[in-house]
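Please keep the sequence and the model in view while reading.

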Amino acid sequence: MVEKSTKAARGTVQCENTNIHLLKANDFVADIIKKEMAKTGTLLINITSSAGSGKTTLMQKTAERLKDKINIAVMVGDLETERDAERIRETGIQALQIVTGGICHLEAQMVHQVLDQFDLENIDLLFIENVGNLVCPSSFDLGEDYRVTLMATTEGDDKPKKYPKMFLTSDMMLVSKADLLPYVPFSVEAVTKDAREVNHEIEVLQISSITDEGIDQWCDWLLEKVKQKKR
């Protein structure tokens, strides 16, 4: 019986050192993205959440509401398949899928590599639908103007304190699937309290892509941010 080796593979480095260099490189590319978005006046919004919180459905609903008012496109990140991008393209807007091949988040260099696939001069609002994950995406600046995190009522209302970095780095929390509130043990008051204890500046909006609750307010917020970016 051959014993397993206890030696580290050659080339192995300490994770903490790798993380430092990785994040510095990411921030460098994120700054390049910010400058490119500033040149074209394109608003860039990073949509984050756990898997299954309703990001793609929200993108569909948003596209249906706003595509005749402004030019919208979506960049979708996922571990495998183009299913989410295909769903969004059905609304009539451009959507490109970044398949990460197992990586649990998008990084700035991934976003920058596909930016030339978009005619940014003619795009008012570009969404990045990040990989469903409340941990890894919180550490990676993608050059966005705003980070919006969905908090689904089906997840439980304790997530802001369990995953504080995501809510600390977010500008808005959307309490999604609000139509299920009568059927699930979820307190909007409690999740809002916890989120604002983590980040007192975070905006909170309750939405449902099924009943359209809060969708008008969400779209009004987006249109105002687009106007501000153009100015």
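How much space lies in the second largest pocket? The second largest pocket holds about 160 Å³ of space. The structure is a predicted model, in which local features need pLDDT of at least 70 and side-chain atom pairs count only at pLDDT 80 or more, while totals for chains, interfaces and linings use all residues. Residues are numbered from 1 along each chain as its sequence is written, and side-chain values use heavy atoms, with hydrogens and water left out.

**Pockets**

- A pocket is found on a 1 Å grid over the protein atoms alone; it is an open set of points where a 1.4 Å probe fits, with protein on both sides within 12 Å along at least five of seven lines, and its lining residues have an atom within 4 Å of a point.
- Grid points are joined across faces, edges and corners, and a volume is the space filled by probe spheres set on the points.
- The residues lining the second largest pocket include Lys-34, Ser-138, Phe-140, Glu-144, Arg-147 and Asp-171.
- By class, this second lining has two nonpolar, three polar and seven charged residues. Here Ala, Val, Leu, Ile, Met, Phe, Trp, Tyr, Cys and Pro count as nonpolar, Asp, Glu, Lys and Arg as charged, and the others, Gly among them, as polar.
- The largest pocket contains about 180 Å³ of space.
- Sixteen residues line the largest pocket, and Ala-51, Gly-52, Lys-55, Asp-84 and Glu-129 lie nearest its centre.
- Two or more residues of that lining come from each of helix H2 (55–66), strand S2 (72–78) and helix H3 (83–89). Helices (H or I, at least four residues) and strands (E, at least two) are DSSP runs, numbered from the N terminus.
- Helix H2 gives the most to the lining of the largest pocket, with three residues.
- The lining of the largest pocket divides into three nonpolar, eight polar and five charged residues.

**Helix H7 and its buried face**

- In helix H7 (residues 188–198), the buried residues are Val-191, Thr-192, Asp-194 and Ala-195. Buried means under 20% relative accessible area, exposed over 50%, and partly exposed in between (1.4 Å probe, protein chains only).
- Seen down the axis of H7, these buried residues fall within an arc of 165°, so they line one face of the helix. The arc is that of the directions from the helix axis to the C-beta atoms.
- The buried residues of H7 pack against strand S5 (146–152), helix H5 (159–162), strand S6 (172–176) and strand S7 (203–206). Contact means heavy atoms within 4.5 Å.

**Ser-170 and Thr-149**

- Ser-170 is placed in the loop between helix H6 (164–168) and S6, and Ser-170 is buried, with a relative accessible area of 3%.
- Thr-149 belongs to strand S5 and counts as buried at 0% relative accessibility.
- The side chains of Ser-170 and Thr-149 are joined by a polar contact of 2.7 Å. A polar contact is a pair of N or O atoms within 3.5 Å; within protein, one must be able to donate a hydrogen and the other to accept it, and residues adjacent in sequence count only if both atoms are side-chain atoms.
- A polar contact of 2.6 Å also links the side chains of Thr-149 and Thr-48.
- Not counting residues up to four places away in sequence, Ser-170 touches Arg-147, Thr-149, Asn-199 and Ile-202.

- Gln-109 lies in helix H4 (residues 108–114) and is partly exposed, with a relative accessible area of 33%.
- The side chain of Gln-109 makes a polar contact of 2.5 Å with the side chain of Gln-113.
- From C-alpha to C-alpha, Gln-109 and Ile-33 are 9.2 Å apart in space, although 76 residues separate them in sequence.
- Glu-36 is found in helix H1 (residues 15–40) and is partly exposed, with a relative accessible area of 28%.
- Leaving aside neighbours within four places in sequence, Glu-36 is in contact with His-112 and Leu-115.

**Residues with positive phi**

- Most residues other than glycine have a negative phi.
- Lys-177, which is not a glycine, has a positive phi of about 60°; Lys-177 is in the loop between S6 and H7.
- Asp-212 has a positive phi near 75° and is placed in the loop between S7 and helix H8 (215–230).
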